[in-house]
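Hello,

Here is the structure I said I would hand over. My notes follow below it.

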Amino acid sequence: MSNKVFDLLLVALAAIVALIFNLSGVENVVLRAVLGILLLLFLPGYALTAGLFHSRDIDLPTRIILIFGTSLIVGVVGGLALHASPWGLQTQSWAAFLTAVVMVGVGVALFRRLRPAQEMSPAPDARRVQFDFTLSQFAMMGTALVLTLAAILIAFNNDLNQQYSGFTQLWIVPGEAGIAEVGLASGEHTPMHYRLTIEADGELLIEDTELTLQPDERWQTEITLPQRYTLVEATLYLADRPDEAYRHVTLKG
Amino acid sequence: MQIGEKKLLKAERFLPKVQRRADTLEAVGWGLMPLLSLTSAVGLLLVVLAYSFSRGGSAQSTIVYWLGMLTIFVPIAARLIMVDVSRKERITLVVFLGMMLFLAKALYSPSQLRFHDELQQMRSAVEIMDAGRLFQPNPMLPVSPSYPGLQNMAVGLAQLSGLSLFHSSVMVNVAARLVVVLATYLFYEFISQSPRVASVAAILYMTNPHFIFFSAMFAYQSLALPLALLLLYLALREDTKRSTPGLQIVAALGLLAVTVTHHVTSYMLLLFLVLWYVLRMTLRRKERVPLWMIVALAGMIVVWVIYFAPITIDYLAPQITRALEGLTGFFNPSATERVRPPGNPLIEQLFTYGAALVLAASLPFGLWVIWKRQYNHTAVLVMAVASLAYYGTLALRLLSAQGVEVAGRSMPFVYFAAVFVMAIFIDGVWKPQDVSLPTRRNLKWLFAWLLNRIMNLPLEVKFLGAVALATIMFVGGITAGWPPHYARLPGPYLVTAYERSIDPQGVEAARWTDEALGRNNRIAVDFTHYALMGMYGRQYPVFGVPRVYFSPRIGPREEQDLRLAAIRYLVVDNRLSTGLPLRGTYFVPWEPDANNHTIPIDAAALAKFDDVPEIDRLFDSGDIVIYDVRALSRVQ
């Protein structure tokens, strides 16, 4: 008997662990990712396929398509159900809903598999796939797997490290009560040295400010705008090119 | 003696031997699967290296890319066209090919969204994630929230797994891709009762121009289509002794899932089922067509469109009308808009048209084989009838300037039937005794003469010919598909070139608007920033004010444009003035010189906003400047 229901017990256990994991809010990035993927894309389909279909009726390809297809269907329909529920689409509501679906599927499957009549029924068309590979075939598939993983790693590495032109953002945003926010953000590839001037109608609002920003670093300040002005402008210069405006923003009164 | 009869007899002596192994459902080993998994992995590695070379600006990257794609496809295609291949090897290879082609798309940009359609759909997912409810407005693609199936899957996975929405969407698409390749195979196998026909049709389906990239994107059809094909397979199984209530439960839920995931896919599924039912009734076949599925799906579609997605009609009707008007306009000498030839290099155009020609020319032969073999299943006849729609899409594509988009979008559906007929033709060529060749009297017809000649070719020639045709379709599918040739490989910024225009400076400028300006401001943009400002900036992007950009100064007409469009902010990307728009337009099809730009947009025209007293220059990142135009448009 244990062999007949082992897979179902495993599926139920995985769903319960995923539920507990999501309800308790434990922070383990890898485990959470694996359990989340299983709970949405595999377990509901596996449980429902086991519950709704006789194993003798479906061969391996059909079983695979039903497992993943049913999981996708449950996810789509589940989203509608959660939307209509008071809880909406939240981590906990998803986890509870999907675990419930898995449990129902496992329950039906257990009932069907443990029925005495079921034990006697033959599986006329069940064609077990034999994974009878030779050593050289294993080696080829292993190499294929390594090459595929290498391709994925190379692609990620190159995408993340693609060299784009560096850039620096300068902004001025008027706020409430005559206050404006002036900010600077570096998207450059190396530390940058800047000089910032902020003037209102030709008069300095803030003394020349020398700034050094690391890549991805930001700097912000607030300035008080004059009661009346025609032009407030913030100009950014690179330290090594002090006469050439690098960035320029304005507010017009 | 009939022409070629001697050769036929020779072939027949040979064929029974291989057929015993070819069409058997018994496994006879893994054959070349391990070796071909290795060659496809090598191909994928080459494709990824091509992406890397292209990012570095290497001119050799295109050659390496094609070498990689062909290494993935050709050996597997050749193997599946052979006759002595076991079912399990065929299925494994079909799945392998489908997943490797998926990786070829996924690894184009493995760490961030770049494709415009994905960016539009992702906006819906982001809004759902924030609100915890479906049907959140999406100004980029207003119809998208009404079909939330895909988005809620991605949101669900992101919430459960802690992965980003982007990586969650990739995982959902992995599952969808597995379903689509298996569903096509199993469906084809069920109706043809031939693993060979099924596997050849399945790989030919992968040559459709949308398969590699578009059908693997985070776009609602990528999920709806696999589910629809799964439902078709379940509908077939319902007619057998293997039908169970469980199957009906899954099918019923599946119908709902397809209905709420993608409009056109649900209509196509309904159309297929209705056609199947009508043919079955007309021919008085005994098989059972699941009428309940037709009634249920029709009911779901009607209810969904009326109560949840009334916007669907406004969204689809104009596109179809324009396409058909374009078709009639072709015969009207006074029509202003003509079909533009594709801008691909000549060699790519040859493959694009070659692939269309191969499929179009194969269909009559395939239909002949279907006619002669007298397949039992009515679904085969449905496929035969549906395959004729391919000629309709070709007409739209070739004759209607506005129909190119509709024809392109219909490819995943039309190919489903058309490639099956082509696979039947390829299979029929190997087994002339099944087909009863045209008689001498009929040989006056070119068609019959050609068929006779093809049937009597040596097996080696037939094999090489079939591989060559499949390869032409594969290459033609890529050249006709997505991305366009200038963006097929990732790399440095290009002017208005879809994926190649997405770079960190644009993304960060969009993110800045979200932080500094708040959300859903109506913001004037060019085509590229439409996607960026809509998704990363969560703004209400408007690209319909081209005159404001092209005009040398801001006058009353430009002010009026801004006012009518209720523009609050305006994005200028000065890089537009450094090159011609590769997609043909910087903004919209009705901009000045659209699709005929000979010089880039004037840099002075883009800089004019600095001199307007009512316009504030809020943001400057070098190439990208964002202006506050509320004082001019009088919007608060």
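Notes on chain B

B:Arg634 is found in the segment after α26 (630–633) of chain B, where helices (H or I, at least four residues) and strands (E, at least two) are DSSP runs numbered from the N terminus. The model is predicted, so local features need pLDDT of at least 70 and side-chain atom pairs count only at pLDDT 80 or more, while totals for chains, interfaces and linings use all residues. Residues are numbered from 1 along each chain as its sequence is written, and chains are lettered from A and ligands numbered from 1 in the order in which they are written.

B:Arg634 is not a glycine, yet has a positive phi of about 60°. B:Arg634 is exposed, with 12 other C-beta atoms within 10 Å (buried means 20 or more, exposed 12 or fewer, partly exposed in between, with C-beta atoms placed from the backbone).

Phi is also positive at B:Arg538, near 55°. B:Arg538 sits in the loop between α22 (527–535) and β2 (540–542) and is buried, with 22 other C-beta atoms within 10 Å.

The peptide bond from B:Trp482 to B:Pro483 is cis, with omega near -5°. B:Pro483 belongs to the loop between α20 (459–480) and α21 (504–517).

Helices α4 (residues 87–106) and α8 (residues 195–205) of chain B pack at about 5°, their axes 10 Å apart; axes are lines fitted to C-alpha atoms over the stretch in contact, and angles run from 0 to 180 degrees between N-to-C directions. α4(B) and α8(B) are therefore roughly parallel (under 35 degrees; over 145 is roughly antiparallel, 65 to 115 roughly perpendicular, the rest oblique).

Regards
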